[in-house]
Amino acid sequence: VKKLKGKVISTKMDKTLVVRVTRTVAHPKYGKRMKKTKNFYAHDEDNTANEGDVVVVEASRPMSKTKRWKLKEVVEQAAVAK
């Protein structure tokens, strides 16, 4: 099962969150390390994750046109602003 670790950037939809996954890749010609980011829509049945949390999502069956991931666990909770 594929798993990705990323930061939650949006929880505005019901039972859905947007996770931004950042990875580093080497430039094909020059070899310099670059950051590449991609957003994934994940299913969050209980609306447990909040914006800023670091989460692990795993691949699952397609749930909608764009949702193909499920929330596996919340690794680190974001600091709550008072």
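Predicted model: local features only at pLDDT ≥ 70, side-chain atom pairs only at ≥ 80, totals over all residues.
This is a dialogue on how to read a few features of the structure above.

Colleague: What share of the residues counts as buried?

Modeller: Buried means under 20% relative accessible area, exposed means over 50%, and partly exposed lies in between, with a 1.4 Å probe and protein chains only. By that reading, 27% of the 82 residues are buried. Ala26, placed in strand E2, is partly exposed, with a relative accessible area of 40%.

Colleague: Which residues make up the largest nonpolar core?

Modeller: In soluble globular proteins, nonpolar side chains tend to be buried together. A nonpolar core is a set of buried Ala, Val, Leu, Ile, Met, Phe, Trp, Tyr and Cys residues joined through side-chain atoms within 4.5 Å. The largest one here has 11 residues, among them Val8, Leu17, Phe40, Val57, Trp69 and Leu71. Strand E2 (16-26), E3, strand E4 (54-59) and E5 each supply at least two of its residues, and the largest share, 3 residues, comes from E2.

Colleague: How many aromatic pairs are there, and how are the rings arranged?

Modeller: Rings of Phe, Tyr and Trp (for Trp, its six-membered ring) pair if their centres lie within 6.5 Å, and planes under 30 degrees apart count as stacked, over 60 as edge-to-face and the rest as tilted. The count is 1 aromatic pair: Phe40 and Trp69 are edge-to-face, at 5.3 Å centre to centre with 70° between the planes. Phe40 lies in strand E3 (residues 33-43) and Trp69 in strand E5 (residues 67-76), so the pair ties together parts that are 29 residues apart in sequence. Both Phe40 and Trp69 are buried.

Colleague: What else does Trp69 touch?

Modeller: Contact means heavy atoms within 4.5 Å. Not counting residues up to four places away in sequence, Trp69 touches several residues besides Phe40, including Lys2, Leu4, Val57 and Ser60.

Key: Residues numbered from 1 in each chain as written. Heavy atoms only, no water. Helix = DSSP H or I, 4+ residues; strand = E, 2+ residues; numbered from the N terminus.
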